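Have the sequence and the 3D view open as you read.

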Amino acid sequence: IRDVAVTGVQTCALPILPALEESFTLQEASKTSTFWLLVACQAITNIPNASLSYQMVAYYIDQGMPAAIAAGALSAYAFFGAVSAVLWGFLSERISEKVLACSIMIMAITGTLAMWLVHLPWLVVPMGGFLGLAARGEGALLNMIVAHYFGRGHYGKISGAMQPFNFVGLGSGPLIASLIFDLTHGYDMVFVQAIVSYAVGIALILAVRNPKRPARMLATTAP
């Protein structure tokens with residue numbers, strides 16, 4: 001609530017609308033390195049996100065796990081992946097999105113190593129949930145980073161332009177995992193590829209900086 005000095009009438013202070021924020025257009029955003037670093041990060045990290053879930057059941061069965069436990073791991077992966085956005089969204093109000101995104105990818109590396117090296121039946125399902133919590137939450141956080149750097153005025157167009165690259169990563173993940181398995185006759189290099197992809201994702205997020213404001217924004221704020 002605030003007082004209007006001229007009329008003496010109390011009015012409610014309205015929130016800033018997206019249209020009134022400083023927001024990049026799609027054309028302006030696409031000219032920045034920030035845009036392409038985020039595109040690359042989403043596309044590259046979606047490759048292991050898709051390949052690990054695609055091979056999870058077959059991998060655990062090949063390791064001697066009962067089919068029910070292998071399927072339970074995939075179900076836990078999907079369930080915790082579905083609720084992960086709520087958790088990471090809550091935490092993003094208190095912690096930097098970049099810090100959370102890097103933390104998620106470190107968690108994903110840890111979950112990938114656990115899936116690769118730990119084959120205890122009673123740990124398989126919890127590990128699937130842990131990996132889902134990390135791997136599936138990364139997309140939501142990257143979308144928050146897009147809104148943070150480019151504003152919400154043209155968020156739909158900017159995030160929509162990124163989606164084709166995301167789907168390239170998601171679509172190529174199972175194919176890449178299958179080719180690696182056929183060439184190496186094992187899963188080891190699939191896990192190595194996943195860990196490297198998440199590590200590259202961390203490097204890309206750390207490289208992201210505030211984009212240079214376009215000339216029209218500088219003109220409107222100039223004294």
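This is a predicted model: local features need pLDDT of at least 70, side-chain atom pairs count only at pLDDT 80 or more; totals for chains, interfaces and linings use all residues.

The protein has 9 helices and 2 strands, and along the sequence they follow the pattern β-β-α-α-α-α-α-α-α-α-α. Of its 223 residues, 42% count as buried.

**How the helices pack**

- Helix α4 covers residues 97–117 and helix α6 covers residues 137–150; the two pack at an angle of about 160 degrees, with their axes 9 Å apart.
- That angle makes α4 roughly antiparallel to α6, because angles over 145 degrees fall in that class.
- The crossing of α4 and α6 is left-handed.
- A second pair is formed by helix α7 (residues 155–184) and helix α8 (residues 188–207), which pack at about 140 degrees with axes 8 Å apart.
- Helices α7 and α8 are therefore oblique to each other, and α7 passes α8 in a right-handed crossing.

- The phi angle of His185 is near 55 degrees, a positive value in a residue other than glycine.
- Is His185 buried or exposed? His185 counts as exposed, because its relative accessibility is 67%, and the cut-off for that class is over 50%.

**Charges on the surface**

- Side chains of opposite charge can pair when their charged atoms come close.
- How many salt bridges does the model have? The count comes to 1 salt bridge.
- The partners in that salt bridge are the side chains of Glu93 and Arg94, at 3.7 Å from N to O.
- That distance qualifies because the rule asks for a side-chain nitrogen of Lys or Arg within 4 Å of a carboxyl oxygen of Asp or Glu.
- Glu93 is exposed, with a relative accessible area of 64%, and Arg94 is exposed too, at 54%.

**A nonpolar patch**

- Which residues make the nonpolar surface patch? Phe79, Phe80 and Val83 make it, and the patch has an area of about 270 Å².
- Val83 sits in helix α3, which spans residues 67–92.
- With a relative accessibility of 33%, Val83 counts as partly exposed; patch members need over 30%, so Val83 can be included.
- Phe80 also takes part in a pairing across the sequence: its C-alpha atom lies 8.6 Å from that of Gly128, although the two residues are 48 apart along the chain.
- Gly128 belongs to helix α5 (residues 121–135), and its relative accessibility of 3% means that Gly128 counts as buried.

**Residues apart in sequence, with their distances in space**

- Met56 is part of helix α2, which runs over residues 33–62.
- At 1% relative accessibility, Met56 counts as buried, since the cut-off for that class is under 20%.
- The C-alpha atoms of Met56 and Ala71 are separated by 8.3 Å, and these residues are 15 apart along the chain.
- Leu175 lies in helix α7, and a relative accessible area of 53% makes Leu175 exposed.
- Between Leu175 and Ala50 there are 9.5 Å from C-alpha to C-alpha, for residues 125 apart along the chain.
- Where is Val192 found? Val192 is in helix α8, and at 28% relative accessibility it counts as partly exposed.
- Val192 and Ile109 are 83 residues apart in sequence, with 9.8 Å between their C-alpha atoms.

- For helix packing, look at α4 and α6, whose axes are 9 Å apart, and then at α7 and α8, with axes 8 Å apart.
- For side chains, pick out Glu93 and Arg94 in their salt bridge, then Phe79, Phe80 and Val83 in the nonpolar patch.
- For the backbone, turn to His185 and its positive phi.

Key
Residues are numbered from 1 along each chain as its sequence is written. Side-chain values use heavy atoms; hydrogens and water are left out. Patches are made of residues with over 30% relative accessible area and no salt bridge: like charges are joined within 9 Å, nonpolar side chains (Val, Leu, Ile, Met, Phe, Trp, Tyr) within 5 Å. Accessible areas come from the Shrake-Rupley method with a 1.4 Å probe; for residues, only the protein chains shown count as cover. Helices (H or I, at least four residues) and strands (E, at least two) are DSSP runs, numbered from the N terminus. Buried means under 20% relative accessible area, exposed over 50%, partly exposed in between (1.4 Å probe, protein chains only). Axes are lines fitted to C-alpha atoms, for helices over the stretch in contact, and angles run from 0 to 180 degrees between N-to-C directions. Angles under 35 degrees count as roughly parallel, over 145 as roughly antiparallel, 65 to 115 as roughly perpendicular and the rest as oblique. A crossing is left-handed if the near helix is turned anticlockwise from the far one by less than a right angle, and right-handed if clockwise.
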